[in-house]
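The following report examines a single protein chain.

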Amino acid sequence: MFNAGLWEQGVDIIPDIAPQDHNTDLTGDYINLANKDRAYLCIFLAGATSDTDNVLHLDLDQATDNSGTSAKAAAVVSRFWYKSGSAAVPGVMTGAATWTAVELDTPVSDLDMEGYDVGTQAMCFVFEVLPENLDVNGGFTHVRNHQEADTFADARIGASWWITTGDAYAKAIPNSAL
């Protein structure tokens, strides 16, 4: 759509998990992907003071509605990107201009982010979620994430949000995906 605004192009940004200590398990809301081309789960983690046991584990669930009816694992992620900040200045993303892409052989519903520089550096992850990988024949249209970070050795502030694209009913003010 030429000269269309962000929302008119079918893009939406959905707050998921507000900034808080990720030294606990956190679960976002279900979002509706029925009329979307794809969604991107974005997770930001501030730097940490210790490099011990800072492994983020991500689980994705699918359901038939936003209350979680018939919830089950959602093997919907086949690629993601990440970048890390400076180890010298935890929490700062300066100097992290390049994203690193990771392609998976088959879509998965859970990921251990061990080995992706989750140490003391600030981190940003972007996971691509394809709605066609949901069990659409079974009526599954909603997805949510669960971040298991209780293995973190120290406090680490983080937040997550969704970016959806390709709204089938794009307009100046998007329909809610919640």
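## Salt bridges

E128 and R79 form a salt bridge, with their closest N and O atoms 2.6 Å apart; the term denotes a side-chain nitrogen of Lys or Arg within 4 Å of a carboxyl oxygen of Asp or Glu. Because E128 belongs to strand β10 and R79 to strand β7, the pair ties together parts that are 49 residues apart in sequence. Strands (E, at least two residues) and helices (H or I, at least four) are DSSP runs, numbered from the N terminus. Salt bridges with shared partners join R38, R79, E103 and E128 into one network. E128 also meets R38 through a salt bridge between their side chains, at 2.5 Å from N to O. That pair links distant parts of the chain, with E128 in strand β10 and R38 in strand β4, 90 residues apart. E128 counts as buried because its relative accessibility is 2%, whereas R38 and R79 are each partly exposed at 27%. Here buried means under 20% relative accessible area, exposed over 50%, and partly exposed in between (1.4 Å probe, protein chains only).

The structure holds five salt bridges. One of them joins D61 to R144, where the closest N and O atoms are 3.5 Å apart. This pair, too, links distant parts of the chain: D61 lies in strand β5 and R144 in strand β11 (residues 142–148), 83 residues apart. D61 is buried, with a relative accessible area of 18%, while R144 is partly exposed at 24%. Side chains of opposite charge can pair when their charged atoms come close.

## Basis of the model

This is a predicted model, in which local features need pLDDT of at least 70 and side-chain atom pairs count only at pLDDT 80 or more, while totals for chains, interfaces and linings use all residues. Residues are numbered from 1 along each chain as its sequence is written, and side-chain values use heavy atoms, with hydrogens and water left out.

The mean pLDDT (the predictor's confidence in each residue, from 0 to 100) is 81 for the protein, and 79% of its residues reach 70 or more. Confidence is highest in strand β3 (residues 31–32), at a mean of 94, and lowest in strand β9 (residues 110–112), at 76.

## Overall architecture

The secondary structure comprises 12 strands and zero helices. Of the 178 residues, 46% count as buried. Among contacts (heavy atoms within 4.5 Å) with a separation of 6 or more, 83% are between residues 24 or more positions apart.

The protein exposes about 8,500 Å², of which carbon and sulfur atoms supply 50%. Accessible areas come from the Shrake-Rupley method with a 1.4 Å probe; for residues, only the protein chains shown count as cover.

## The nonpolar core

The largest nonpolar core has 26 residues, and the members that touch the most others are I43, L60, F125, F127, V143 and W162. At least two residues of this core come from each of β4 (38–45), β5 (57–63), β7 (77–84) and β10 (123–129). Such a core is a set of buried Ala, Val, Leu, Ile, Met, Phe, Trp, Tyr and Cys residues joined through side-chain atoms within 4.5 Å. In soluble globular proteins, nonpolar side chains tend to be buried together.

Apart from its neighbours within four places in sequence, L60 has contacts that include L41, V77, V143, R144 and W162.

## A nonpolar surface patch

L6, W7 and I13 make a nonpolar surface patch of about 270 Å². Patches consist of residues with over 30% relative accessible area and no salt bridge; like charges are joined within 9 Å and nonpolar side chains (Val, Leu, Ile, Met, Phe, Trp, Tyr) within 5 Å. W7 lies in the segment before β1 and is partly exposed at 33% relative accessibility.

I13 is placed in strand β1 (residues 12–21) and is partly exposed at 43% relative accessibility. Not counting residues up to four places away in sequence, I13 touches W7, W161, W162 and I163.

## Backbone at S70

S70 is not a glycine, yet has a positive phi of about 60 degrees. Most residues other than glycine have a negative phi, and most peptide bonds are trans. S70 is located in the loop between β5 and β6 (72–73) and is partly exposed, with a relative accessible area of 47%.
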